[in-house]
Amino acid sequence: MAEPPPATGAGANPDRILWSEQRIGSTLKKETVATVGWILAFFTSIYAQEGQELLGDRSDGSRATPLHLIPLYAESKDAEKGEQIEPDGEFVTPFSTRWTCAECHSYGLVKKGWHFNSVDSNVPPGRPGEPWLYFAPKLCIQIPLSYRQWPGTFRPAQVGLTEFQFTRIFGRHTPGGGPGEVQATEADEIGRQFVSGTLEINCLACHNAHHGQDMGGPGGYAVQVSRQNFRWAAAASCEFASVKGSAAAVPETYDPFLPDPDEKNAPRVTYQKEAFNENKEVLLQIVREVPNQRCYYCHSDLCYSQPEKAEKWASDEDIHLTAGLKCVDCHRNGVEHNIVRGYAEESANSSNPLAATSSCEGCHLSEGEDQPQAGRLGAPVPKHTGLPPSHLKKLTCTACHSGPWPGKKTILTKTSRAHRLGTPNVNKAQEVLPHIVSPVFARQGGQPQAQLGDSLAGKIGPHKVIWPAYWGILEDDQVKPIALGVVEKVVGKVFADLELPATGDWPKITKEKIIEALKALSPAAAGEAVYVAGGKLYRLDGSGELAEELDHPAAAPYMWPIAHNVRPAAQSLGARRCEDCHSPEASFFFGKVCVDSPVQTKDGVFREMMDMYEVDGPVYVRVNWFFKLLIIGVMTLLILHILGDLYRRVMLLLAKRAK
Amino acid sequence: MRQTSGIKAEEREFFQRFGLQFRVQHTLLFLSTITLIVTGVPLWCMGRPEYSWSQAVVNTFGSIETMRYIHRAGAAVLILVSIYHLFYTVFTKEGRREFIELLPRQKDVRDVTINSLYFLGLLKYRPSFGRYTYYEKFDYWAVYWGCVIMIGTGLVLWFPEVAAKYVPWFTYALGAEVHADEAILAALSLFIWHFYNVHFNPSRFPGTLVWWHGKMSREEMIHDHVLEYYKKVLAQTKSKGQKADPQSGTTM
């Protein structure tokens, strides 16, 4: 019997996969395989516990993609490594990516990656990014959520969402991990999670290059997540397995490890038997460099800039992709999966050694170091001929080079994560909630004036923006959102007769309805209930009438920077002429930012782009006011002088006539 | 025109008040200013839905580009006349003299007070003005200030990329705002204040031609610039060695 070389440690053969190859065609008995598997698991767990690196934790330098002909393993009832998958066994279980991949890759390291570490409060939040947008048209809610400490977002727990609920709603567009792996603590969820399992990191979501990888299909990953089939989701997404049934449809007393054949609704997995070789191994088309198509599932957007370009085929893609680059050429990571997000100040928050040089400036601008950084990956070094240097100090690269070309008004924009793009039964109407508008030029690194305070030093760049709409409690001028369960119970009753447009747009509520809802909410939420929407805070005054407060910090829009699509240099703002920005019609200063709100009387409200980032703030305001007052003061004095002169003339004339 | 007690114009005595250079500057100034206002206001209103009439004005000019060219031509004339005036002030005797006469003095404050009391009927007599009244000085310095602001901000709007190199804090948006504000103030001052003083004032209606020939009648001199009048009569007397008769304005 061929003994597997140890995966790690002294004397380890670094290429156990080759050993797997040699084993193809061998006639090992099932028991032998199991024994070997247990031995491997034993060594693996010991080394993993000791923090030793596994076979796949570090590259040996080869550019070739390692062969992944591997056995698949299930998770056991006690959340440990379970049996090897046998497609024709008596009881077929879904394979666990965690226990399968952890044979060679340190799962604990991977979990630290940006895509999976949101629930770790020790991870610096970095530049604000796209939040998870919870929306409920019937309740007139759209609220940005995030586990990261991005100003303007709310932690899911603040609106009463547990990790389990969050995963069921948003897990469809995650590669698993993060909140999906948090153990339920609520009494009613512990049982449910026993049935559903956790949504462990789905390595295949990104690294499976097979065209059959199904994230958004009718039986794919997203659908399984919505059915609470967390344990089965990764298996369902791959090309050689399919899953039926729903964990949500079986009682929480159901034991998925002792399946009841009579429980027809219970989730079940079926494998294509031909995918397994005689050693019950599967050839996975795993690639080190994630294909763009995998990224697009979660990172697509659709901008309604021009109706004829609303279709993807009619719009151009990012210039970097046109030039032949892939997403991962810039967004790189090692086994820690600490992927480069790609913003200029990222190295302050990231341990990724490439963070400093994988931003726009990293490839396109030299900082005069010993090694020539500029021009990496063939990046042209911009001359910016004729461009006053102040532009580079005040604007991000993306301000001129990225995002949809700014029009007179902001446009509605959809994103994969906000609008479930790429999943079944998506409402394709332009007006469907949540309402994200773009491009909005604003200070990079946070929210507008109201929340930024003194830190207005950020550069101006293009953003996507959402105007939060939610029900909250006002305490010490701070607004805390009311738990969604309470809102649904109280406001849902008040708004029961609201008609929801087929487009998925807001139902449009009247002020009378808001008053009614606030009066019902205050006792239920034990505090002064308020409604936030369209940049305003609505509250009841002493007489029970609705009072509006403009620019309350709690009503500030949440913005996150636009990075893609990067346009060619010739299509940059200012490439044709300065008037692209410096003219009375230019959107950069005078574009209209749509203020989105379900409140009926406030439909169609806009703000000027300049309001979103303050042009040199106090100086601008003071000079502006000086001239306004100068007009009023000077003209008042001059007209008084004229009137005095006329008055005296009339008096003299009258006196003369009287004589 | 001021009443001249039945004296025919050709019989009236006139004093040369402004030289040719002064009149040329004034003519260029008002021609360029009116051009700038006529083209500038519709340019400012364009793109603002509440001022849809501005499109009709633009159509009259042919296109917005044509209008911009005319506006910039007017601006070029204004800049040239401003430079011309600076040279005139520094390098000519007449210019230096006029500039000194136009400097604000304590007497101007006193004149404002006396005139205000006169308007209110608390004094029976107007102040005696010299070569320039306080409101004429105001006109001059308002134009001075206006030219600095309008030309400065106009250049920022005309050459934003150059301006941004030297005055980065002075943004294009602020320049546009100040340019519009100052233009409103200048236009209002011109059409209300200045036009009242030189056209609509009952003593002057429908207007004076001093700007054209530079001459002012003895009656107007006595009414508006009596101190200058005395000065001129005295100077004439001295030059002829005769005794002055200020009442007649002639020398004996």
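# A walk through a predicted two-chain model

Where pLDDT is low, the predicted coordinates should not be read in detail. For chain B as a whole, the mean pLDDT is 85, and 87% of its residues reach 70 or more. The model scores ipTM 0.83 and pTM 0.68.

This is a predicted model, in which local features need pLDDT of at least 70 and side-chain atom pairs count only at pLDDT 80 or more, while totals for chains, interfaces and linings use all residues. Residues are numbered from 1 along each chain as its sequence is written, chains are lettered from A and ligands numbered from 1 in the order in which they are written, and side-chain values use heavy atoms, leaving out hydrogens and water.

Consider chain A next. Chain A holds 21 helices and 20 strands; these are DSSP runs numbered from the N terminus, with helices (H or I) of at least four residues and strands (E) of at least two. Of its 659 residues, 51% are buried. Buried means under 20% relative accessible area, exposed means over 50%, and partly exposed lies in between (1.4 Å probe, protein chains only). The accessible surface of chain A is about 31,600 Å², and 56% of that belongs to carbon and sulfur atoms. Such areas come from the Shrake-Rupley method with a 1.4 Å probe, and for residues only the protein chains shown count as cover. Among contacts in chain A with a separation of 6 or more, 66% are between residues 24 or more positions apart.

Chain B can be described in the same terms. Chain B has 11 helices and four strands, and 41% of its 252 residues are buried. It exposes about 13,900 Å², with carbon and sulfur atoms supplying 68%. Of the chain B contacts between residues at least 6 apart in sequence, 63% join residues at least 24 apart.

What lies inside? In soluble globular proteins, nonpolar side chains tend to be buried together. A nonpolar core is a set of buried Ala, Val, Leu, Ile, Met, Phe, Trp, Tyr and Cys residues joined through side-chain atoms within 4.5 Å. The largest one here has 47 residues, and those touching the most other members are A:Tyr134, A:Ile141, A:Leu145, A:Trp471, A:Phe495, A:Ile514 and A:Tyr531. Among the elements of chain A that give two or more residues to this core are strands β4 (132-136) and β5 (141-145) and helices α18 (484-494) and α19 (511-525). Beyond its neighbours within four places in sequence, A:Ile514 is in contact with A:Trp471, A:Ile509, A:Tyr531, A:Tyr538, A:Leu546 and A:Val599. A second, separate core has 23 residues, including A:Ala399, A:Cys400, A:Val595 and B:Ala173.

How many disulfides are there over all chains? The count is zero, where a disulfide is a pair of cysteine sulfur atoms within 2.5 Å. The sulfur of A:Cys581 has its closest cysteine sulfur in A:Cys400, 5.8 Å away, so the two are too far apart for a bond. A:Cys581 is buried, at 12% relative accessible area, and A:Cys140 is buried at 0%.

Some backbone details of chain A deserve a look. The bond joining A:Leu433 and A:Pro434 is a cis peptide bond, with omega about -5 degrees; A:Pro434 sits in the loop between α16 (416-419) and β11 (436-443). Another cis bond runs from A:Ser438 to A:Pro439, with omega near -10 degrees, and A:Pro439 is in strand β11. A:Gln228 is not a glycine but has a positive phi of about 65 degrees, and it is buried at 5% relative accessible area. A:Asn425 also has a positive phi, near 60 degrees, but A:Asn425 is exposed at 74% relative accessibility.

Finally, the two chains meet. In this interface, 36 residues of chain B are in contact with 37 residues of chain A. The area buried between them is about 3,300 Å², of which carbon and sulfur atoms give 71%. Buried area is the accessible area (1.4 Å probe) that two parts lose on being put together, summed over both. In chain B, B:Phe119, B:Tyr172 and B:Tyr196 lose the most area to chain A, together 20% of what that side buries.

Definitions and conventions: Contact means heavy atoms within 4.5 Å. pLDDT is the predictor's confidence in each residue, from 0 to 100.
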